[in-house]
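User: I would like to go through this model with you and ask, term by term, what each label rests on. Please give me the cut-offs as we go.

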Amino acid sequence: MESSVSHTDVATGDTSSRPVGLDRTTTGMSSGAPRPFLRRRRNPWYSRLIRDRALLVMALPGMALLLLFQYLPLLGNVIAFQAYVPFLPFGQSPWVGLDNFAVIFNGDPAFVNALRNTLVLTLVQVILVFPAPIALALLLNSLLSERIKRAVQSVLYLPHFLSWVIVVAVFQQVLGGSGMINNFLRTHGADTFSIIGNSDLFVGLLTSQVMWKDTGWATILFLAALSQIDASLYEAASMDGASRWRQMWHVTLPGIRGIIVLLLILRLGDSLTVGFEQIILQQGGVGLAASEVLDTYVYNNGIVGGQWGVAAAVGLVKGAVGVLLVLGANKIAHLLGENGVYKS
Amino acid sequence: MTATSARPAQRRRPIDAPGAPSRAVKGVVLILLCAAVILPFVGIVSTSLADRAQVNASGGFVLFPTSVSLDSYRTIFAGGVVSRAMAVSVGVTVVGTAISLAVSTLLAYALSRQGSFGQRPMLMLVLFSLLFSPGLIPNYLVVKELGLLNSYWALILPTALSAFNVIVLRAFFMGIPAELTDSARIDGAGHLTIFARIVLPLSKAVLAVIGLFYAVGYWNAFFNALIYLNDSGMWPLQLVLRTYVINNTEMSATDLGSGVENLPPQPSIQMAILVVTIVPILIVYPFLQRHFAKGVLTGAVKG
């Protein structure tokens, strides 16, 4: 790749930069002798700009979208420091300093509730959701028939591609008051139960939905790691008389420890984010006390409630803490000798 | 993944194959897991097809239809809310995927030419954007300031570029042998020619996968439509599904716009909406499934 670029410098870049002119007249004054020397140095930026103009035009639409919808919104965070008035031109609303952050610093009950729910959900999901794909991957990996393994994978990966609207609807149809299971119980004279819309069981419902949707999909990385384990280790362990369980403990689990640690740390780095779309769809039935998390707090107060400044302030703090957590998690991953999401 | 994992399994077999009891336990667990995914769909399709008498008798949910009736599908495709939402979803998905693919491949190609003007800073901007999400309120304000509220562009442009997909594409483009592009250069081809004549034809498989990922994303999105579109007449299918199935809003004949006197039972209509939302995913799924593991792993390794 490098060689091709320097090659083109000589072939095309050189000729296209000459008409720029200024450079030519100044160097031309001091005779032709220093020119090869100058040429061997890096091309001036404008000649590289002209040489690579086609590439820049190609990158333009993508970079424009990235800047517009990923970086420009960062500026929008200024309304966290304003009493935002929707009909004034952008940036014209009065400044209020840190007033909007008062809900965080003074511990507004609704905010504290949202924060607590978020952390409880994260904790429950790290304990219950995180190990599930590891167990499933071990189970799939222990299957001797490649055909059965592939068939099971095809079925279990599918829910990952369904939208949250569909997943929530499916759960209602199965577990709801007139759903599949309750219908079955009713027609067989047994007691029915209510899970959907029951605020006491909401955490369990959300967790089971996440597991149903993504456990199969999450096995992919673990299965890839499992396939990298040297088969001779199993043979050696087996020769030494290790049972299948001991082989799992001494060969399999150490073999995938790296990816487990990495994914766990990344999940913890994402602690403040829990199933936004999933919860928004189901908040109606269970009430805010049980279901409000930080992301829904921002949505309900900002876009629904019109408290733009407060919502932006909470979103800003959440985003900043989130970036710190991701960076911190990555740092820890490096310290533990694993590759993080990005290198160096 | 498939080729490498096949080998250890075959080598281990003669040494100590699991006994019958453990095989039976595994079999039962796997069958239960698969049933937990498949059975709900069987029930949903069955209810959408069941006739009125059976739906009423069963109290709303049918697992095995005794007789098949297509009335609920005829009703939702008669030109009412659901038909319109279907058209919106298809339109947004097709246009959005085309834009996403075009923009992402062009950007990925530019970023794959190392040493070109601005390549490092642009790559840094793309990579850095993976670390944070801009936040709901600022995003909303940007869309509003750009005048995209109540426009279908609001469903497309904010999510049109996925930095992750750009990085996967870039990694793939960089793997194309330099000899191919170099020889084209020597023959006088510009970047656009190389991109269109050499890089794209060599990348058909990865383009198909990335395109499908984008398409599934557009098809599944509901939140953008919820906050950016005020007019419920513009809603895509997922929002209609939310309103009439999750929130259980009663569907009237005017909603359906069919002028049918005798509406099929509500559960059947609801399940028919659910089916038409799921079916497109099921159609592309076998193709996705064949390739996605590779795509995910490429991203994980190179990202």
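User: What makes residues of chain B count as in contact with chain A, and how many are there?

Analyst: Two residues are in contact if their C-beta atoms, placed from the backbone, lie within 7 Å. By that rule, 95 residues of chain B touch 82 residues of chain A. Please keep in mind that this is a predicted model, in which local features need pLDDT of at least 70 and side-chain atom pairs count only at pLDDT 80 or more, while totals for chains, interfaces and linings use all residues. Residues are numbered from 1 along each chain as its sequence is written, and chains are lettered from A and ligands numbered from 1 in the order in which they are written.

User: Which classes make up the side of chain B that touches chain A?

Analyst: That side has 60 nonpolar, 24 polar and 11 charged residues. Here Ala, Val, Leu, Ile, Met, Phe, Trp, Tyr, Cys and Pro count as nonpolar, Asp, Glu, Lys and Arg as charged, and the others, Gly among them, as polar.

User: What confidence does the predictor give the complex and each chain?

Analyst: The complex gets an ipTM of 0.86 and a pTM of 0.83. On pLDDT, the predictor's confidence in each residue from 0 to 100, chain A averages 82, with 85% of the residues scoring at least 70. Residues 1-34 of chain A are below 50, and this stretch has 31 contacts in the model beyond near neighbours in sequence. Chain B averages 85, with 88% of the residues at 70 or above. In chain B, residues 1-15 fall below 50, and so do residues 299-303.

User: Why is B:Leu155 called buried?

Analyst: A residue is buried if 20 or more other C-beta atoms lie within 10 Å of its own, exposed if 12 or fewer, and partly exposed in between. B:Leu155 has 26 C-beta neighbours inside 10 Å, so it counts as buried. B:Leu155 sits in helix α8 (residues 153-156) of chain B; helices are DSSP runs (H or I, at least four residues), strands are E runs of at least two, and both are numbered from the N terminus. Leaving aside neighbours within four places in sequence, its contacts are B:Val92, B:Ala221, B:Asn224, B:Ala225 and B:Tyr228.

User: How do you know which face of α8(A) is buried?

Analyst: The buried residues of helix α8 (residues 131-141) of chain A are A:Pro133, A:Ile134, A:Leu136, A:Ala137, A:Leu140 and A:Asn141. Taking the directions from the helix axis to the C-beta atoms, these residues fall within an arc of 165°, so they line one face of the helix. They pack against α9 (146-157), α12 (202-227) and α14 (244-269) of chain A. Across chain A, with its 18 helices and 0 strands, 36% of the 344 residues count as buried.

User: What makes chain B a chain of two domains, and how far apart are their centres?

Analyst: The bounds come from an automatic or database domain assignment, which gives domain 1 (16-69) and domain 2 (75-303) of chain B. Their C-alpha centres lie 32 Å apart. The contact takes 10 residues from domain 1 and 8 residues from domain 2. On the domain 1 side, α2 (20-49) and α3 (52-58) of chain B are the elements giving two or more residues, and α2(B) gives the most, with 4 residues.
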